[in-house]
Amino acid sequence: MQTDSEKTKYRYNRIAPFFDELEAIIEGLFVKQRRQTLWRKVKGEHVLEVGVGTGKNFPFYPENTRITALDFSEKMLAQAKYKKKRQNVTVDLELMDVESLCYADNSFDTVIATFVFCSVPKPYKGLQEIYRVCKPGGQVLLLEHVLSSRPLMAKLMQLLNPVVSTIFGANIDRTTVKNVQACGFEKVLVDPSSSDMVKMIQAIK
Ligand SMILES: C[S@@+](CC[C@H](N)C(=O)[O-])C[C@H]1O[C@@H](n2cnc3c(N)ncnc32)[C@H](O)[C@@H]1O
């Protein structure tokens with residue numbers, strides 16, 4: 001029997017070749033601007049991007065910053081490698097699972113992820129790992145879609161989640177703000193411009 005991790009990898013490997021096209025309209029209308037706002041908050045010399053996917057954040061990478069980016073789906077990472085070459089982006093791309101990072105404690109000034117903890121099979125484990133590799137005083141920046149706070153909408157999302165996660169690999173019932181708050185950060189800030197279902201989170205270690 002497949003583990004949750006194998007299932008999620010399989011789903012992203014399957015949609016990798018047309019992932020950008022699949023999300024193009026939502027990306028242009030709602031997401032691009034939010035990515036830019038999040039990446040403007042990046043600080044420090046060494047940045048880790050978790051769940052790089054096809055490399056949609058490449059246009060927002062700050063200059064003069066060492067960036068390492070990882071993903072556990074070979075096919076998503078292959079798309080990112082292709083884009084890296086085509087767009088001449090300076091980034092070290094690694095095949096790795098956020099639930100088990102190979103980096104030493106306190107390695108990065110900023111750890112950043114966009115729409116990743118909706119699909120990490122054990123999100124709390126992954127968040128604990130990024131807490132571990134973030135330097136004291138460093139920050140974790142997340143842009144994540146989460147379960148609605150409106151009871152009726154939340155029920156509907158919970159009902160639809162098995163179908164959505166099977167097709168797209170992403171869960172629509174995650175309580176990522178609560179999960180981050182449980183990780184032991186000094187401060188967890190949710191940007192007031194966040195909507196009910198898309199949260200911009202800044203956690204300071
Ligand atoms: C919805 S995509 C988002 C990709 C990209 N961050 C973006 O904003 O377009 C989620 C990505 O997270 C990756 N992912 C999910 N679980 C992961 C894990 N445990 N370790 C590393 N990457 C993971 C998936 O392979 C996929 O590429």
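What follows is a short walk through one predicted model, from its first helix to its salt bridges and a few loop residues.

Okay, a bit of housekeeping. This is a predicted model, so local features need pLDDT of at least 70 and side-chain atom pairs count only at pLDDT 80 or more, while totals for chains, interfaces and linings use all residues. Residues are numbered from 1 along each chain as its sequence is written, and side-chain values use heavy atoms, with hydrogens and water left out.

Let's start with helix α1, residues 4–15. The helices I mention (H or I, at least four residues) and the strands (E, at least two) are DSSP runs, numbered from the N terminus. α1 has 12 residues and spans 17 Å from first C-alpha to last, close to the 16 Å expected at 1.5 Å a residue. That expected span is 1.5 Å times one less than the number of residues.

Which residues of α1 are buried? They are Ser5, Thr8, Arg11, Tyr12, Asn13 and Ile15. By buried I mean under 20% relative accessible area, with exposed over 50% and partly exposed in between (1.4 Å probe, protein chains only). As a reminder, an α-helix has 3.6 residues a turn, so residues three or four places apart point the same way. The cover over the buried residues of α1 includes α2 (19–22), α4 and α6, and contact here means heavy atoms within 4.5 Å.

Now take α6, residues 151–168: it packs against α1 at an angle of about 60°, with the axes 7 Å apart. Axes are lines fitted to C-alpha atoms, for helices over the stretch in contact, and angles run from 0 to 180 degrees between N-to-C directions. So α1 and α6 are oblique to each other; under 35 degrees would be roughly parallel, over 145 roughly antiparallel, 65 to 115 roughly perpendicular, and the rest is oblique. On the α1 side the contact uses Arg11, Tyr12, Arg14 and Ile15, and on the α6 side Ser165, Thr166, Ile167 and Phe168. Sorted by class, that contact has 4 nonpolar, 2 polar and 2 charged residues. For the classes, Ala, Val, Leu, Ile, Met, Phe, Trp, Tyr, Cys and Pro are nonpolar, Asp, Glu, Lys and Arg are charged, and the others, Gly among them, are polar.

On to salt bridges. The rule is a side-chain nitrogen of Lys or Arg within 4 Å of a carboxyl oxygen of Asp or Glu, and by that rule there are 10. One of them pairs Lys56 with Glu23, at 2.7 Å from N to O. Those two come from distant parts of the chain, 33 residues apart: Lys56 is in the loop between β1 (46–50) and β2 (66–71), and Glu23 in the loop between α2 and α3 (24–39). Lys56 is buried at 13% relative accessibility, whereas Glu23 is partly exposed at 30%.

Lys56 has a salt bridge with Glu27 as well, with the closest N and O atoms 3.3 Å apart. Glu27 sits in helix α3 and Lys56 in that β1–β2 loop, so the pair ties together parts 29 residues apart in sequence. Both Glu27 and Lys56 are buried.

Elsewhere, Asp109 bridges to Lys135, the closest N and O being 3.1 Å apart. This one runs from strand β4 to strand β5 (residues 134–145), 26 residues apart. Asp109 is buried at 17%, and Lys135 is partly exposed at 28%.

Last, some loop residues. What is the phi of Asn88? Near 55°, a positive value in a residue other than glycine. Asn88 sits in the loop between α4 (74–87) and β3 (92–95) and is exposed at 69%. Asn106 also has a positive phi, about 55°, without being a glycine. Asn106 is in the loop between β3 and β4 (108–114) and is partly exposed at 37%.

Then there's Val146, in the loop between β5 and α6, buried at 5%. Setting aside neighbours within four places in sequence, Val146 is in contact with Met157, Ile172, Arg174, Thr176, Asp196, Met197 and Lys199. Asn171, in the loop between α6 and α7 (176–181), is buried too, at 14%. Not counting residues up to four places away, Asn171 touches Cys118, Ser119, His145, Asn161 and Ser165.
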